[in-house]
Amino acid sequence: MGKEHTIIVIGRSFGAGGKSIGKVLSEKLGIPIYDNTLLNESAKEFGFSRDIFCRVDEKRPSRFKRFVTQSYGVQESYIYDAISNETLYQAQSRVIRAIAERGPCIIVGRTSDYVLRDFPGLVSVFVHAPLAYRAQKIVERGDATTPEEAIELAKRKDKSREKYYNYFTGRYWGVASNYDLCLDSSLLPVGDSAEVIAGFVRRLEAANRSFGEKIEKNF
């Protein structure tokens, strides 16, 4: 993939299947995908259990402090103090950048499009779908028992992701201008959606190679 290897980041509305599409895309391109793995990496780096990072994932820092206080008590407040100078978000951002520097990969969520905004090989994607479609998928995968319950869950999760994203990035979550490609997952099967992204990435890589060759010739 050249000197400036490609990193694909996927933002997604809840229930749109962004992670599922990412997994198929990973197989198609033969590159690793990171979602919850990022949390594991962060936890290991700071010596915390995986549970802490999973339970505060994509939530604002104040909630993390409250979780630690409730879970460990005031006498263990040093757990929070140990990372007070570098928040959970900053820790995750360091890990995201380290992973991106290693080689081609796919990263799901965690404001990766913003964290890696200056990375030359970045391709940012946002996967969305109509609420009714997402509700159906949420029920099918067992996260809700009725369409009404699924709709409420999707709205709640989307709001949480939106607040997290907007708070840390100063951007607006899900706005098309923040991404290179936006995809409505209700229009195509998962495999076809992944192929659309793969085709887009391949075209970009080819264009970048061609541009790089022209620059080298001129020098």
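Of the 219 residues in the protein chain, 43% are buried, where buried means under 20% relative accessible area, exposed means over 50% and partly exposed lies in between (1.4 Å probe, protein chains only). The model is predicted: local features need pLDDT of at least 70, side-chain atom pairs count only at pLDDT 80 or more, and totals for chains, interfaces and linings use all residues. Residues are numbered from 1 along each chain as its sequence is written, and side-chain values use heavy atoms, with hydrogens and water left out.

Among contacts in the protein chain with a separation of 6 or more, 69% are between residues 24 or more positions apart, a contact being heavy atoms within 4.5 Å.

The interior can be taken up first. A nonpolar core is here a set of buried Ala, Val, Leu, Ile, Met, Phe, Trp, Tyr and Cys residues joined through side-chain atoms within 4.5 Å. The largest such core has 20 residues, and those that touch the most other members are Ile 8, Leu 25, Leu 29, Ile 106, Val 125, Val 127 and Ile 197. At least two residues of this core come from each of β1, α1, β3 (105–108), β4 (122–128), β5 (181–184) and α10 (190–218). The most is given by α10, with 4 residues. A second, separate core of 18 residues includes Val 9, Ile 99, Ala 100 and Ile 107.

Leaving aside neighbours within four places in sequence, Ile 106 is in contact with Ile 8, Ile 10, Gly 22, Leu 25, Ser 26, Ile 31, Pro 32, Ile 33 and Tyr 34.

Counting a disulfide as a pair of cysteine sulfur atoms within 2.5 Å, the total is 0 disulfides. Cys 105 is buried at 1% relative accessibility, whereas Cys 182 is partly exposed at 31%.

In α8 (residues 131–140), the buried residues are Arg 134, Ala 135 and Ile 138. Viewed down the axis of α8, these buried residues fall within an arc of 105°, so they line one face of the helix; the arc is that of the directions from the helix axis to the C-beta atoms. An α-helix has 3.6 residues a turn, so residues three or four places apart point the same way. Ala 132 and Glu 140 are exposed on the other side of α8. The cover over the buried residues of α8 includes α9 (147–169).

How do the two helices pack? The axes of α8 and α9 come within 8 Å and cross at roughly 110°, which makes α8 roughly perpendicular to α9. Axes are lines fitted to C-alpha atoms, for helices over the stretch in contact, and angles run from 0 to 180 degrees between N-to-C directions. Angles of 65 to 115 degrees count as roughly perpendicular, under 35 as roughly parallel, over 145 as roughly antiparallel and the rest as oblique. From α8, Leu 131, Arg 134, Ala 135, Ile 138 and Val 139 meet Pro 147, Ala 150, Ile 151, Leu 153, Ala 154, Lys 155 and Asp 158 of α9. Just after α8, Gly 142 takes a positive phi of about 90°.

Two loops remain. Ser 13 lies in the loop between β1 (7–12) and α1 (18–29) and is buried, with a relative accessible area of 6%. Apart from neighbours within four places in sequence, Ser 13 is in contact with Phe 126, Val 127, His 128, Ala 129, Arg 134, Asp 158, Arg 161 and Trp 173. Ser 13 and Trp 173 are 160 residues apart in sequence but 9.4 Å apart in space, C-alpha to C-alpha.

The loop between β3 and α7 (112–115) holds Thr 111, and Arg 110 also has its place between β3 and α7. Arg 110 is not a glycine, yet has a positive phi of about 60°; Thr 111, not a glycine either, has a positive phi of about 50°. Arg 110 is buried at a relative accessible area of 2%, and Thr 111 is buried at 4%. Beyond neighbours within four places in sequence, Thr 111 is in contact with Tyr 89, Tyr 164, Tyr 165 and Thr 169.
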